[in-house]
Amino acid sequence: MLHEFSINIPYKNVQEVTDLLNAAGIYNLYYESPIEIIKVQNGYGYEEKEDQHIDLKIYASDLEVENLPESYYPLIESTLTISRDAIHYKTYDETNWEQTYEFEDIDLGNGWVIQYPNSEKQYEDKHVLKFDPLAAFGTGLHETTQGCLRMILDKDLTGKSVLDLGTGSGMLAIAASLKGADKVVAVDYEEVAREFHHNAELNNLTNDLQVVQADLITGDYQINDHYDFIIINIGANETMSIIERHDLLKNSDTFFISGLVEWHIDQLIDVFAKGGFAIEEKAQTNEWVSIHFSKE
């Protein structure tokens, strides 16, 4: 049995309270920072709201602590100088505590469906991209990913070479492979090879798939080869930094750029225009924009 003790405290006091509990031998703590999402130049950011209260949750297991909950009540009360009435208590079945979030399949509306591992649906009249979101970034839920996916899946990439920068768990690179790409190089700052190859196997891919861990902005890795298509789903600032760092516009005549917000795309469009590129296609869902650039 997992026991949860919850107390409501000012957020500005959370570090002090955490230190007191740690000193008393209580370490399994959890809270959500009170934040307000704000617009920033390159997308969204957040501000912490110091004046708000939060629920600080304390967890303990029967497997580790005897005589719960009674053994924890006086310890919490004396450590924080609060009454028992200030402590809210509930229990969980530990066998059901750690469950994998089940994603709903996504119909992209263009004859393709993203299908997740928990799904047993059959799609006889649609193409299927099988995908298992693991540790790396990228689930297919975000508008930027879906916008770029539609562009890629609407193209015939048979025999083409593709470079995917900021690949995350590899969804866009997998899509390019399913559309016939002969060679795909996927680059990410994090170590994502395990997730990438796992998803490639789910889709029975046999093309040339290469995963590179590299810092594209400040690292030593240099993009030298020419590719038929380059995909970047990161953000305008990061995209422009990568283009400048690698003189990237010389490496392809076709780019799929996503992760953009409508209020911060003009400078990026200007960078491509000066490089001799025109907008082939532009898609927008809510404030999120994806652009297909081709050299004129």
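**Close-up views of a predicted model**

**View 1. Surroundings of Val162.** Beyond the residues within four places in sequence, Val162 is in contact with Leu157, Ala176, Ala181, Lys183, Val184, Val185, Tyr227, Phe229 and Ile231; contact means heavy atoms within 4.5 Å. The model is predicted: local features need pLDDT of at least 70, side-chain atom pairs count only at pLDDT 80 or more, and totals for chains, interfaces and linings use all residues. Residues are numbered from 1 along each chain as its sequence is written, and side-chain values use heavy atoms, with hydrogens and water left out.

**View 2. The nonpolar cores.** A nonpolar core is a set of buried Ala, Val, Leu, Ile, Met, Phe, Trp, Tyr and Cys residues joined through side-chain atoms within 4.5 Å. Buried means under 20% relative accessible area, exposed over 50%, and partly exposed in between, with a 1.4 Å probe and protein chains only. The largest nonpolar core has 31 residues, and Ile114, Leu129, Leu149, Ile152 and Val162 touch the most other members. At least two residues of this core come from each of strand S8 (112-115), helix H3 (143-153), helix H4 (171-178), strand S11 (183-188), helix H5 (193-202) and strand S13 (229-233). Helices (H or I, at least four residues) and strands (E, at least two) are DSSP runs, numbered from the N terminus. H4 gives the most to this core, six residues. A second, separate core has 26 residues, including Leu165, Ile232, Met240 and Phe277.

**View 3. Helix H3.** Nine of the eleven residues of H3 are buried, so H3 is largely enclosed by the rest of the structure. The buried residues are Thr144, Thr145, Gln146, Gly147, Cys148, Leu149, Met151, Ile152 and Leu153.

**View 4. Asn233 in strand S13.** Asn233 lies in S13 and counts as buried, at 13% relative accessibility. A polar atom of the Asn233 side chain lies 3.0 Å from the backbone nitrogen of Gly259. Leaving aside neighbours within four places in sequence, Asn233 is in contact with Thr144, Thr145, Leu165, Leu172, Ser258 and Gly259.

**View 5. Strand S16 and its partners.** Seven of the eight residues of strand S16 (residues 288-295) are buried, so S16 is largely enclosed by the rest of the structure. Two strands pair if DSSP finds at least two bridges between them. Strand S14 (residues 254-261) runs antiparallel to S16 and is joined to S16 by six bridges. Strand S15 (residues 277-285) is also antiparallel to S16, with eight bridges. His292 of S16 is the bridge partner of Phe256, and Glu281 stands opposite His292. The hairpin of S15 and S16 has two residues between the strands, and Asn286 takes a positive phi near 55° there.

**View 6. The sheet S7-S8-S9.** Three strands form an open sheet in the order S7-S8-S9, with mixed pairing. Strand S7 (106-107) and strand S9 (127-130) are the edge strands, each pairing on one side only. S7 and S8 run antiparallel and are joined by two bridges, with Asp107 opposite Val113 in S8. H4 packs on the sheet and touches S8 and S9; the direction of H4 makes about 140° with that of S9. Axes are lines fitted to C-alpha atoms, for helices over the stretch in contact, and angles run from 0 to 180 degrees between N-to-C directions.

**View 7. Asn22 in helix H1.** Asn22 is found in helix H1 (residues 14-23) and is partly exposed, with a relative accessible area of 25%. Not counting residues up to four places away in sequence, Asn22 touches Tyr27 and Leu29. Thr79 is 57 residues from Asn22 along the chain, and the C-alpha atoms of the two are separated by 9.9 Å.

Methods
A polar contact is a pair of N or O atoms within 3.5 Å; within protein, one must be able to donate a hydrogen and the other to accept it, and residues adjacent in sequence count only if both atoms are side-chain atoms.
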